[in-house]
Amino acid sequence: MSRIGKKAVPIPSGVTATRNGNELSVKGPKGTLTMPLSDLISYDVQGDSIGVQPANETKRARAFWGMQRTLVQNLVTGVTEGFTKKLLITGVGYRAAAQGRNLRLQLGYSHDVNIEVPEGIEVKTPDATTVEISGADKQRVGQLAAEIRRWRKPEPYKGKGIKYDGEYIFRKEGKKK
């Protein structure tokens, strides 16, 4: 039995949720997000909350229950507050610069890495070694952060590379003479 799934997702003022056939649409101050609905779960959209219950008593339906409730919660949180990921760049000569809808990274390669920022996502560089990615869709924000990090993952000997804010990099000792 899902403890998370039992709780209904509260809808704050200024946010509207509608069910259109096999799709849930949530509209708020930061935009509109939609999610396809699973046949294994029944969704109850009321005035101030969205309830999520398994449609039948199969093991698969119970397994989807908590996850689907969390996805609905992410829609509501995304249109009200939004999501942010912060990346930190460590290394001599490594830097980032946001230029319009592009992010230019200098990561020690013979060329600069240019990453195109998708629509609905905002990228800021408060300083040359920090990248802040924000948007309403949690999955798209996390995916862009992972794609940026993939260009130069942090290495364990010197700690150089791109890491998430708050991520711990296990450091290794070098060779001994």
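The largest pocket of this predicted model has a volume of about 200 Å³. On a 1 Å grid over the protein atoms alone, a pocket is an open set of points where a 1.4 Å probe fits, with protein on both sides within 12 Å along at least five of seven lines, and lining residues have an atom within 4 Å of a point. The volume is the space filled by probe spheres set on the points, which are joined across faces, edges and corners. Among the lining residues are Leu-33, Met-35, Leu-71, Phe-83 and Lys-138. Two or more residues each come from β4 (31-36), α2 (59-80) and α3 (138-150), and β4 gives the largest share, four residues. Helices (H or I, at least four residues) and strands (E, at least two) are DSSP runs, numbered from the N terminus.

Strand β4 also belongs to an open, antiparallel sheet of three strands, ordered β2-β3-β4; strands pair if DSSP finds at least two bridges between them. Six bridges join β3 (residues 23-28) to β4, and Glu-23 stands opposite Pro-36 in β4. Pro-36 is also one of the pocket-lining residues.

Helix α2 lies across β3 and β4, at about 170 degrees to β4. Contact means heavy atoms within 4.5 Å, and angles run from 0 to 180 degrees between N-to-C directions of axes fitted to C-alpha atoms, for helices over the stretch in contact.

Residues are numbered from 1 along each chain as its sequence is written, and side-chain values use heavy atoms, without hydrogens and water. Local features need pLDDT of at least 70 and side-chain atom pairs count only at pLDDT 80 or more, while totals for chains, interfaces and linings use all residues.
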